[in-house]
Number of protein chains: 2
Amino acid sequence: MTYTPTAETPEPVEDSGATVDVAGLGEVLLGRWAEIRQAARDLAGRPEIHRIDGLPMVEHRERVVGQLKYLVDAGAVHRAFPRRLGGEDNHGGNIAGFEELVTADPSLQIKAGVQWGLFGAAVLHLGTTEHHNRWLPDIMSLKTPGAFAMTETGHGSDVASIATTATYEPETQEFVIHTPFRAAWKDYLGNAANDGLAAVVFAHLITHGVDHGVHAFYVPLRDEQRNFLPGIGGEDDGYKGGLNGIDNGRLHFDQVRIPRTNLLNRYGDVAEDGTYSSPIASPGRRFFTMLGTLVQGRVSLDGAAVAASKVALAIAVRYATERRQFNASSDTAEEVLLDYQRHQRRLLPRLATTYAASFAHEQLLQKFDDVFSGAHDTDEDRQDLETLAAALKSLSTWHALDTLQECREATGGAGFLAENRFAALRADLDIYATFEGDNTVLLQLVAKRLLADYANEFRHADFGVMARWVAHQAADVTLHRTGLRQVAQTFADSGSERKSANYLKDPETQRQLLTDRVSTMVAGIGGALRNATRLPQKEAAALFNEHQHELIEAARAHAELLQWEAFTAALTQIDDHGTRQVLTWLRDLFGLSLVEKNLGWYLMYGRLSAQRARILGTYINRLLSRLRPHARDLVDAFGYGPEHLRAKIASGAEQERQDEAMAYARSRRASGEAPMDEKVLIARRKATEKLSQKRQKLEAKG
Amino acid sequence: MTYTPTAETPEPVEDSGATVDVAGLGEVLLGRWAEIRQAARDLAGRPEIHRIDGLPMVEHRERVVGQLKYLVDAGAVHRAFPRRLGGEDNHGGNIAGFEELVTADPSLQIKAGVQWGLFGAAVLHLGTTEHHNRWLPDIMSLKTPGAFAMTETGHGSDVASIATTATYEPETQEFVIHTPFRAAWKDYLGNAANDGLAAVVFAHLITHGVDHGVHAFYVPLRDEQRNFLPGIGGEDDGYKGGLNGIDNGRLHFDQVRIPRTNLLNRYGDVAEDGTYSSPIASPGRRFFTMLGTLVQGRVSLDGAAVAASKVALAIAVRYATERRQFNASSDTAEEVLLDYQRHQRRLLPRLATTYAASFAHEQLLQKFDDVFSGAHDTDEDRQDLETLAAALKSLSTWHALDTLQECREATGGAGFLAENRFAALRADLDIYATFEGDNTVLLQLVAKRLLADYANEFRHADFGVMARWVAHQAADVTLHRTGLRQVAQTFADSGSERKSANYLKDPETQRQLLTDRVSTMVAGIGGALRNATRLPQKEAAALFNEHQHELIEAARAHAELLQWEAFTAALTQIDDHGTRQVLTWLRDLFGLSLVEKNLGWYLMYGRLSAQRARILGTYINRLLSRLRPHARDLVDAFGYGPEHLRAKIASGAEQERQDEAMAYARSRRASGEAPMDEKVLIARRKATEKLSQKRQKLEAKG
């Protein structure tokens with residue numbers, strides 16, 4: 001969106017004198033697990049675990065295997081496991097430490113995630129004590145590298161529809177794991193192509209002719225020489241768009257037998273005679289509970305995406321404050337990139353979003369720890385956690401890709417070189433948008449939760465953020481149809497830009513606008529779908545599909561609101577006046593950029609008058625000018641050092657080059673050795689000609 | 001943007017019965033140089049020149065060098081050179097053929113572009129006959145691989161500010177090429193790290209103490225053993241985000257002497273005594289004329305970006321018509337991806353944009369050929385060509401990145417595998433957004449041209465697309481301030497959705513909306529800047545900077561309008577009724593998606609009533625449903641075969657897997673061997689319990 005200027009001139013940008021307490025802000029950003037996070041950063045700064053650009057796939061894979069052992073030795077990856085097995089029972093801290101590894105090498109991070117966060121966590125959360133004792137020590141020590149065999153070639157985010165079966169035979173007391181056709185091959189699994197000696201395999205549990213839905217089984221894959229065991233086969237997924245330090249691959253099972261006790265039986269068990277039992281009666285709820293124990297993948301990707309965005313902005317903002325290009329305002333000095341309005345527009349709103357995502361992630365992490373530590377572990381807590389993780393992971397992983405790309409482009413050709421980090425980080429993080437749940441599918445889950453909450457509205461009075469539903473939805477429709485609300489705003493501001501700006505920067509305005517959009521969208525869709533349950537299946541699905549796009553946009557709006565709320569809540573943690581001032585501008589930039597992005601909606605539904613809408617762009621530009629002097633402090637507060645950034649353009653080299661070039665130009669001017677510009681010569685010649693013509697005229701007259 | 005549904009139900013989607021004549025449409029898409037384009041595709045389909053994923057950098061570079069020789073032998077790269085030297089003097093055809101190479105390997109394409117399109121073209125267009133005879137044969141045959149040494153570490157898109165100097169010495173009749181400081185090193189040059197034996201070096205020409213601005217010099221770099229000649233040094237740029245088959249590097253010159261006659265002297269010469277002369281008196285115009293001869297780089301990137309977008313969509317659309325996921329509408333069959341509204345929203349508007357960009361590129365290519373063949377080669381033609389190339393290259397290169405990414409995500413984990421092409425194509429094309437002119441800088445150039453045209457408006461009556469300026473700009477402001485225009489639309493439609501839809505699909509409506517936005521934006525900025533020339537330099541620059549974001553958005557809107565006009569013009573070339581019907585829907589989708597993207601603007605300035613705006617989303621969804629059955633035909637018409645797509649998911653393998661899975665399920669159901677779903681079991685048990693309770697009650701009563 002763009003805005004043609006209005007008649008009134010905006011007030012001049014004042015240097016408010018506010019300064020940022022970089023160290024203090026850094027502490028706030030580190031969050032509840034500051035110490036672990038800091039220790040993980042120290043580790044991530046070590047060259048032994050850094051990515052080497054251009055390493056061929058095979059060598060990169062080998063290097064990462066070695067690095068995993070390094071992590072074990074450094075005691076960096078066992079925090080979530082039980083104390084009695086050498087862990088710390090610290091779920092939040094574990095994730096906080098894990099997500100910082102992304103700055104070293106995302107391949108290392110994700111391979112560690114596969115081993116301890118998926119394979120190990122499945123044994124921990126879906127298995128019972130006997131399983132823990134039997135398998136966790138070797139998983140923790142990396143003696144048993146393993147795969148997490150959930151996804152199939154034919155089924156990604158729709159886990160319930162996987163086709164691998166585990167059929168119980170009472171005669172042998174064994175499960176028979178079987179892949180019935182090619183689409184049911186397990187696919188994209190880290191540790192599957194080479195290293196995995198075992199796997200947690202997800203398959204439909206069948207006993208006594210009944211399919212009890214998806215359960216998890218511990219299945220040995222390879223012998224010590226890494227040859228597949230009988231009945232097991234696979235393929236290497238080969239070269240990928242990124243994360244080439246991980247040996248992703250495919251697995252298939254031809255009537256592979258495992259003991260009955262290899263069923264990870266916390267949520268469903270089979271007795272020797274084949275009788276099925278479960279503490280959760282409903283198959284649907286059982287399935288979601290089992291999958292819910294694996295939410296930490298999404299939580300950690302959210303955090304890793306935020307960390308990568310911080311690294312990218314720290315590099316690009318530093319470069320933008322040193323690099324100069326084009327000289328519009330002076331004949332001798334070129335402009336610093338970040339003084340260009342467009343460059344501010346490219347980097348600063350993304351910086352604001354990164355702060356919002358960071359604060360929102362900290363809330364998510366605390367919620368996660370509350371549930372997994374057992375402090376607050378009701379069904380509703382687990383549902384809230386699921387929804388929050390789905391919402392935030394989608395937004396932050398897309399945001400990281402967008403930010404890495406914008407930073408790459410904002411640093412030009414230099415940004416394309418591996419030595420400046422963006423390209424590889426972006427390539428590695430690409431898959432974050434679709435693994436551990438495809439973002440589009442996740443947002444649809446969020447939307448369904450919103451619709452369910454909406455349906456419950458009349459039964460329960462409060463449900464978190466959703467509490468602000470407008471009770472007078474009907475009256476509202478009338479208002480926006482007639483445009484009466486717009487007219488009211490126009491009269492209220494009576495033509496004053498100042499009043500409009502005051503309106504926009506009021507946090508209550510921002511909250512109301514953002515909340516109103518979510519609630520109105522959900523109510524609209526809810527209304528349209530209210531009869532769906534009474535329709536035949538096919539028609540109901542078609543009706544739902546007609547609103548799928550809106551649904552997903554509503555979920556996105558909801559997630560953005562959650563980020564805005566988290567940012568606003570974080571402001572109260574900041575005592576330093578100057579820091580709070582600057583962060584408040586940054587929060588305003590985040591909130592108002594969201595309004596700007598969806599301006600059509602706000603105008604269409606009469607939530608903003610055209611007059612206030614026209615101020616919005618101008619006011620955002622003013623916020624950019626205010627934030628410009630603090631940009632460097634705001635990225636410094638992320639706390640990443642040169643050992644994390646590892647980008648030549650963020651090393652001070654650019655400033656040196658600029659200084660050298662300027663010193664050279666100064667000395668040339670001083671020495672008088674500089675050649676004269678042809679343009680100056682032409683101008684002088686013209687002046688001389690004019691003078692001589694004048695003289696001739698005068699002489700002619702005289 | 002998203003839209004809550006309105007009360008009225010949209011009319012049911014009719015199957016219009018229209019069919020697409022795939023072959024006929026394919027012919028139209030091939031354009032004026034169909035034969036050359038087809039020959040280049042045949043070549044690009046050969047395995048010898050295909051990219052091999054995961055090849056280490058050194059081997060990839062070697063492979064590409066070999067492939068360049070293959071292109072020479074195939075007679076594929078000499079079309080633009082003079083007939084008397086073995087070329088064809090065919091400028092448009094040369095580019096048409098060149099841009100098709102992107103499907104084989106973008107590294108190969110760009111390395112060829114460096115050799116013949118930049119290095120060779122600089123000798124051709126900036127040199128004179130003697131230079132052509134002396135150097136072109138070895139450049140054409142690849143005996144002399146060469147670099148195009150324009151960009152410096154310290155100056156990318158601001159070529160006028162490069163700091164390398166070429167100072168003439170009358171005593172020796174030599175130019176002394178010199179790099180005064182680190183920022184002036186030539187950087188990012190293909191052929192510089194390894195292969196270049198010579199370079200065209202851009203440097204400020206200084207003679208008799210006067211700097212005549214940037215000129216081009218032919219400078220030998222290395223001896224036959226590829227050792228640098230005295231005074232020359234360099235560095236390898238190393239591993240990059242993509243295009244790793246090209247040896248990009250840096251060069252610096254320490255008082256390197258070359259003969260006077262190595263100045264490429266078409267636009268500026270130095271006599272033996274050091275006297276400077278040029279056919280173009282103005283240094284500014286001379287500079288832009290020299291740079292203008294190199295516009296073909298931008299033209300060809302536009303075409304290559306379009307080709308890559310086509311390949312991506314051909315893969316993703318085919319997969320989306322075969323792959324199934326989730327089963328909302330049936331218990332036995334899952335949905336095909338492209339039947340999901342959101343999936344249509346993700347792929348089909350990008351398909352529409354690709355068609356628009358393709359037709360616009362063909363216009364650009366014809367304009368380019370008109371200028372370079374001399375058919376229409378006035379100063380104004382060259383300026384128009386520059387502006388058109390800058391506008392279209394920016395949009396299409398960004399579009400290609402966006403499309404490749406969306407296709408990657410829309411195909412999930414499969415899209416991340418190298419075997420499905422997206423990742424590497426995206427990585428390679430990343431740099432297209434900032435090389436041959438940074439897109440942001442290019443759009444700013446376009447905007448400046450628009451502003452200049454605006455300033456000329458009162459002097460000249462017609463200037464192409466810009467002719468539709470609203471004469472009653474003042475009256476207009478009153479209209480949108482009061483909202484009177486909105487009210488008028490509301491009355492005109494009198495609440496009918498049908499009337500609103502008819503309004504939106506009228507091409508005159510689309511043209512008027514798109515044109516109006518450009519003209520209003522430019523007029524607004526023009527008005528705000530009208531006094532800038534009277535301000536001191538610093539203040540004028542600050543005022544300009546305050547409107548930089550709007551300026552660039554205005555340029556983008558202009559470029560989008562050009563694409564829309566090209567699409568609309570192309571419709572007249574299509575005789576087949578069904579094809580024209582389908583393409584008209586696609587054009588409508590393109591135009592209305594642009595309106596939707598900027599809906600805030602249209603509402604804020606009263607160009608659309610809230611009522612019509614609310615129909616827009618619904619109408620776009622209806623277009624998506626109409627286009628859905630034709631999606632496969634529309635990508636097939638691009639004419640790329642399996643030898644160009646080379647993606648496993650576009651090979652039919654997915655359909656095979658789906659068929660196999662469905663056949664398995666059918667046979668299981670038929671055999672009665674399928675296990676019973678636990679949910680069904682529970683439902684039956686409940687039904688039985690209910691029945692027995694009823695019976696008990698009855699018995700109790702009885």
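Me: In which sense do strand 2 and strand 5 of chain A pair, parallel or antiparallel?
Reply: In this predicted model, strand 2 of chain A and strand 5 of chain A, which covers residues 198–207, pair in the parallel sense over three bridges. Within that pairing, A:Thr165 has A:His204 in strand 5 of chain A as its bridge partner.

Me: And how many bridges join strand 2 to strand 3 in chain A?
Reply: Five bridges join strand 2 of chain A, residues 165–169, to strand 3 of chain A, residues 174–178, and these two strands run antiparallel. A:Glu169 is bridged there to A:Glu174 in strand 3 of chain A.

Me: What do strand 2 and strand 3 of chain A form, and what about A:Gln173?
Reply: Strand 2 of chain A and strand 3 of chain A form a hairpin that has four residues between them, and A:Gln173, which lies in the turn, has a positive phi of about 55°.

Me: OK, switching to the two chains together: which strand of chain B pairs with strand 12 of chain A?
Reply: Strand 12 of chain A, residues 676–677, pairs with strand 6 of chain B, residues 210–220, in the parallel sense and over two bridges. In this pairing, A:Asp677 stands opposite B:Asp211 in strand 6 of chain B.

Me: How much area do the chains bury between them?
Reply: Chain B and chain A bury about 10,100 Å² between them, and 55% of it is on carbon and sulfur atoms. On the chain B side, B:Arg342, B:Phe416 and B:Met604 supply 8% of the area buried against chain A, which is more than any other three residues. The contact takes 119 residues from chain B and 118 residues from chain A.

Me: How many salt bridges are there between chain B and chain A?
Reply: There are eight salt bridges between chain B and chain A, while the structure holds 90 salt bridges over all chains. One of them joins the side chains of B:Arg408 and A:Asp430, at 2.9 Å from N to O. This pair crosses from helix 10 of chain B, where B:Arg408 sits, to the loop between helix 12 and helix 13 of chain A, where A:Asp430 sits. B:Asp430 and A:Arg408 also meet through their side chains in a salt bridge, at 2.9 Å from N to O.

Me: And how many residue pairs are in polar contact between the chains?
Reply: Between chain B and chain A, 60 residue pairs are in polar contact, with both residues at pLDDT 80 or more. By class, the side of chain B that touches chain A has 47 nonpolar, 36 polar and 36 charged residues.

Definitions and conventions:
Residues numbered from 1 in each chain as written. Chains lettered and ligands numbered in written order. Predicted model: local features only at pLDDT ≥ 70, side-chain atom pairs only at ≥ 80, totals over all residues. Heavy atoms only, no water. Contact = heavy atoms within 4.5 Å. Buried area = accessible area lost by both parts, 1.4 Å probe. Salt bridge = Lys/Arg side-chain N within 4 Å of Asp/Glu carboxyl O. Polar contact = N/O pair within 3.5 Å; in protein donor to acceptor, adjacent residues only side chain to side chain. Nonpolar A, V, L, I, M, F, W, Y, C, P; charged D, E, K, R; others polar. Pairing = 2+ DSSP bridges.
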